[in-house]
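Work through the exercises below with the sequence and the coordinates open. Each task is followed by a solution in steps.

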Amino acid sequence: MRSSRIPFILIFTLGCLPTGCAQLPDAQLAVVCYEDDGTPSSEFDGDGIVLTDVAVSSAEGAWAVEIAPWVYDGPDGARGNIYVAGDARVGDAQRFVVARYQEWDGALEADYGDGGVVLSEFPGADSASALDLAIVSGIRSESRIIAVGKARVGAGNRFALASSYYREGGPDVTFGGDGFVLTDFPESTDEAARAVVAAEIEDETFVLVAAGDARVGGGGPSFALARYTADGNLDAGFAGSGRVVTDFPESSQESASSVAIATTDGERAIVAAGGAFIADTYRIALARYTWDGALDPDFGAGGRLLVEVPGTTTSYAHALVVDEEGRILVAGTAKQDGADRFLLARFLADGTPDPAFATAGFALTDFPGATGEEAYGLALDRQDRILLAGRAFVDGGWRFAVARYTSGGVLDPAFSGDGLVLTDLPTRHELARDIAVDMRPLPDRLVCAVGEAGGE
């Protein structure tokens, strides 16, 4: 295990929805990589674990991870790079942070940014936090890293996007003029972008869709989506202004935690997932939009869907993937018999729970010896196996928790014997917020989860 130190950078962690994840005062940025059978990767720093203890900081953490599908400088061109997004406190303000690790040994990439880290201060903002990232493959120019989150401007937050170059981490000046974009929503007092997805379009460029929440009209937050062109401008082809706010009539507040693009018969659609607060409890909330930004009338009830998970009292979707058949996979947390459990669900393109998946479309998972579990990250591998990452409470402390399921929603025994892996780092509490898979057809591809670790 490596504990790397980076001078003068503090990585800071926000709370989790809906119940909240308390920030550990001594938390470190944690990256854990596993082999295909669920064992920690011995090549990734010897034990599969890298903790980044940032100098002059009291806490570090991360929200998102992606593994680049290409490499410029790996051994024999055989490995990629791992990008991690989080935030950093410098003085009294937070900053976006993107770190790059070498997949083949877990070391921070010295030539990327400042010793492996890019620290971004948003012009015109008092502070900013990165909550997700996407890798945009180079089409006409160098590939880029897009990080999204929220930035505080005056009394409220705004959607915040930063674009940097893949190789050296410098700001992408073709994006917003200086690499940074802030977006507010009409009549909203507070907004946060919690997820981003990129899509290549016909003229060999790309668009970005960011999703999160916006507080409009003095009420609680609602789903909020914005679509951007490759230069960082709002896309007028999306709802006329590039922005959409969606509330659920039955709910007092909603937030989108994840977003994905679905393609059916050549037609694109956008799907967002999160939670809605109804009668003192949360339910999974899903919305599907046509490519021009209208709610899709063929999905749920007029484009919106609230889900009660059978046998549970509350549920929340933290992550979303749309598979090649257009089915919607959702991961999150549900309370069953008073305890939180990993939740995995699959829905058909119209929002109907998939009867061929798990038990009537839903799988609830508890880890042996744990008294509670929460899932935050979701990924599909090349064999359509499903990976979830989060945390489980065991013996008085939280642990990194990873589960792998078959494409049918059953725990995969080829992954650690029972489909479940708990990673006990040399700290009292650990939390995985995201998970990514090396998608190249290699026998030694990795699965990597990121989050935070802290407490003695």
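**Exercise 1. Aromatic pairs**

How many aromatic pairs does the count come to?

Solution. The model is a predicted one. With ring centres required to lie within 6.5 Å, the count comes to 11 aromatic pairs. Y83 and Y112 are both buried. Finally, ring pairs join Y83 and Y112 with Y166 in a cluster.

**Exercise 2. A pair between two strands**

Classify the pair Y282 and Y316, and state which strands hold the two residues.

Solution. The centres of the Y282 and Y316 rings are 5.1 Å apart with planes at 70°, so this pair too is edge-to-face. Y282 is in strand β19 (residues 281-290) and Y316 in strand β21 (residues 314-322); the pair links distant parts of the chain, 34 residues apart. Both Y282 and Y316 are buried.

**Exercise 3. Charges over rings**

Which ring does the charged end of R227 sit over, and which face does R433 lie over?

Solution. The charged end of R227 is over the ring of W291, 4.4 Å from the ring centre. R433 lies over the face of W63, with 4.4 Å to the ring centre.

**Exercise 4. Strand β15**

Solution. Start with burial: in β15 (residues 221-229), 8 of the 9 residues are buried, so the strand is largely enclosed by the rest of the structure. Then take the pairing. Strand β14 (residues 206-216) runs antiparallel to β15 and is joined to β15 by 9 bridges; A210 has A226 as its bridge partner in β15. The hairpin of β14 and β15 has 4 residues between the strands, and G217 there takes a positive phi near 70°. With strand β16 (residues 243-246), β15 pairs in the antiparallel sense over 4 bridges, and the partner of F223 in β16 is T246.

**Exercise 5. The cavity**

How many cavities of 30 Å³ or more are there, and what is the class make-up of the lining of the largest cavity?

Solution. The count gives 1 cavity of 30 Å³ or more. The largest cavity holds about 40 Å³ of space. Its lining residues include Y34, E35, D36, D381, R385 and R404. By class, the lining has 5 nonpolar, no polar and 6 charged residues.

Terms used: Residues numbered from 1 in each chain as written. Predicted model: local features only at pLDDT ≥ 70, side-chain atom pairs only at ≥ 80, totals over all residues. Heavy atoms only, no water. Phe/Tyr/Trp six-rings, centres within 6.5 Å; stacked < 30°, edge-to-face > 60°. Buried < 20%, exposed > 50% of the residue type's maximum accessible area, 1.4 Å probe, protein only. Lys NZ or Arg CZ within 6 Å of the ring centre and 35° of its normal. 1 Å grid on protein atoms, 1.4 Å probe; cavity = no way out; pocket = protein on both sides within 12 Å on 5 of 7 lines; lining within 4 Å. Points joined across faces, edges and corners; volume = space filled by probe spheres on them. Nonpolar A, V, L, I, M, F, W, Y, C, P; charged D, E, K, R; others polar. Pairing = 2+ DSSP bridges.
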